Amino acid sequence: MKKIIFWIFILIIFILIFKGCVKKDIPENIPPNIPSSNIENIVYPQKNKNIEINGVEYLQSQASVGKFGGEVVISTIGEGPKTFNPCNTKDATSASMAGLMYDGLMSTDPITGEVIPLLAKSFEIKGNDYTVVLRKGIKWTDGKPITADDIIYTYKEIVFAGLGNTATKDAMTMHGKLPELVKIDDYTVKFTTPEPFAPFLRQLTYPIVPKHYFKPYSDKGDSVFNAFLNPDTSPDKIVSSGAFKLKEYVAAQRVVFERNPNYYKVNLNNKQLPYLNKLIYLIVGDSNNEILKFEAGEIDALGLRGSNVARYKIKEANSDYKIYNLGADNGTLFLVINLSNRKNKEGLWNVNPIKQNWFRNKDFRSAIDWAVDRKGMVQNIAQGVATPLYTAESPTSIYLNKNIKGHQKNIETSKELLKNAGFEYKNNILYDNKGNRVEFDLYTNAGSIDRESVGVMIKQDLEELGMKVNFKPIEFNSLVNKLSNTNDWDMAIMGLTGSPLEPHDGKNVWISNGQLHLFNQRPQNYKNDDRFGWEIELDKIFEEGALKLNFNERKPIYDRYQEIIYEENPIIYLYSPIRIHAIRKKIKNVFPSPLSGLLYNVDEIYIDGGNK
């Protein structure tokens, strides 16, 4: 009983902290006609309830009853999904689309941030034991039952085996040990962690997959499993559990999802959701094309760039859309520098020793940090609808280190740092102490107008230091391949999604052998310890922080990791946009959340005037 009371107490404290910290961090000098936050007065539905109908344990939505039928069209920039395999997503587009098709045991409450059951009906925590009870009677899209065997298979043979994206395995591993997992009965499993583990419950949001469909591919190892559910897969063969299932994929044009008639969520009239017949993603080449399609009525929702917000706000009253301000983005935008200096045995790990001597020098990286004009980016690219970013945690994070104040651009400070590092100028051109001109490549993904604009500004900033920067926007797949597989890159402008609730979710980025440890990746067959001292400290931080159960004990630990990144600059953070979205007024049951975004509850939304 004492342990249960303790966990309830922790949850109450957590919710109070979250409500006090997740604020809309809007710059004071925002331009006129930029909407202030307008979601405080939204009346959110009550929490979903468990109900039983004819022996099936459903999740009942408490949102207003809507109309069945119709479709919503949204958009995605780039080349479209790289995979529909939810266990192998490495980009936001693939992850969001796979997320429509596969649910986890748990989810996150979009308002409070607490962990809530999804495929699970309930859970119980006793010490290091996490007992999870699955809903009875729910089905995969092929009509077969979802059972504890699917849970056991997903975690033991995919996550714990290290198949696909290893982020969850890395996050669940403490001191080299993974949790134990046992089947209690056909609908109950028990996880046992080696030690008390604060972030563990959030790891149970990992998508559960059907054993009978996935196992023939996972049994054949990494290469076969990674190719499984590629975009060429016939939609009618895919077995899934989410609100929508794949209907059609046309490369570089569209992805069409249709409602899953076996979905386990119902409305207040006990009719199975979702309301929509179809959810369609149009694949657009860039931000400008996306805007044109919204204005032509071809898509129903649009994330507004800073340069467009004022114009859309002025037109809102006489338009068919409504604008919502969700506050600062939960993700991060950054410049990452390649510090790797190792090759694998096959020589496939490309390294330029001259450049690596520069990049691995702390003063060189700090000089770049001081030269970057974040204020100029906020004003000129985001049109004031953003805030400068200096930390690895977003402005919305309850773990944000507010003692890190950042600094303005200062070219003279940069030059002094370069001088300390042994660099010198000849005719305003920067050379190292061996006479090599400082020249390197800077990449980002083509099609993102803001990132391309950031690249142009960084190129200009660094050329003030006498550096020659070859800015190269390339297709997203090619960029990911460079960063993840070839190591043939110097610097890149990237972004990562994040959680304002749990820094441990970023463990895969910060631990030295993490799959997303972009700034100093190591070949899998390289075993010697070449870690920087601060990398060793980061490894310890992400072990220690997860073992503290109290927020006040965890906060200083994660403050320190932010200090390390700020001091060492392997990643230089740039700015955090304010998320402002326009959505058609015909779309109902929209409950925007600073935590979860605009259309997180797509299973509950409906079209006003849709067919019954």
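## Helix packing, a buried glycine and aromatic pairs

G104 lies in the loop that runs between α2 (92–101) and β4 (106–108), where helices (H or I, at least four residues) and strands (E, at least two) are DSSP runs numbered from the N terminus. This is a predicted model, in which local features need pLDDT of at least 70 and side-chain atom pairs count only at pLDDT 80 or more, while totals for chains, interfaces and linings use all residues. Residues are numbered from 1 along each chain as its sequence is written, and side-chain values use heavy atoms, with hydrogens and water left out.

With a relative accessible area of 5%, G104 is buried (under 20% relative accessible area, with exposed over 50% and partly exposed in between, for a 1.4 Å probe and protein chains only). Leaving aside neighbours within four places in sequence, G104 is in contact with L118, L119, L204, T205, Y206, P207 and I208, contact meaning heavy atoms within 4.5 Å. The C-alpha atoms of G104 and P473 are separated by 35 Å, the two residues being 369 apart along the chain.

Two helix pairs are set out below, with axes that are lines fitted to C-alpha atoms over the stretch in contact and angles that run from 0 to 180 degrees between N-to-C directions.

| Helix pair | Axes | Angle |
|---|---|---|
| α10 (residues 362–371) and α12 (residues 411–420) | within 8 Å | roughly 170° |
| α7 (residues 287–295) and α8 (residues 306–315) | 12 Å apart | about 10° |

The crossing angle makes α10 roughly antiparallel to α12, whereas α7 and α8 are roughly parallel to each other; angles under 35 degrees count as roughly parallel, over 145 as roughly antiparallel, 65 to 115 as roughly perpendicular and the rest as oblique. In the second pair, I291, F294 and E295 of α7 meet N308, R311 and Y312 of α8.

Helix α13 (residues 449–463) has 15 residues and reaches 21 Å from its first C-alpha to its last, close to the 21 Å expected at 1.5 Å a residue, the expected span being 1.5 Å times one less than the number of residues. Within α13, the buried residues include I449, V454, G455 and M457.

Rings of Phe, Tyr and Trp (its six-membered ring) pair if their centres lie within 6.5 Å, with planes under 30 degrees apart counted as stacked, over 60 as edge-to-face and the rest as tilted. By this rule the count comes to 37 aromatic pairs. Y263 and Y264 form a tilted pair, 4.7 Å centre to centre with 50° between the planes, and both Y263 and Y264 are buried.
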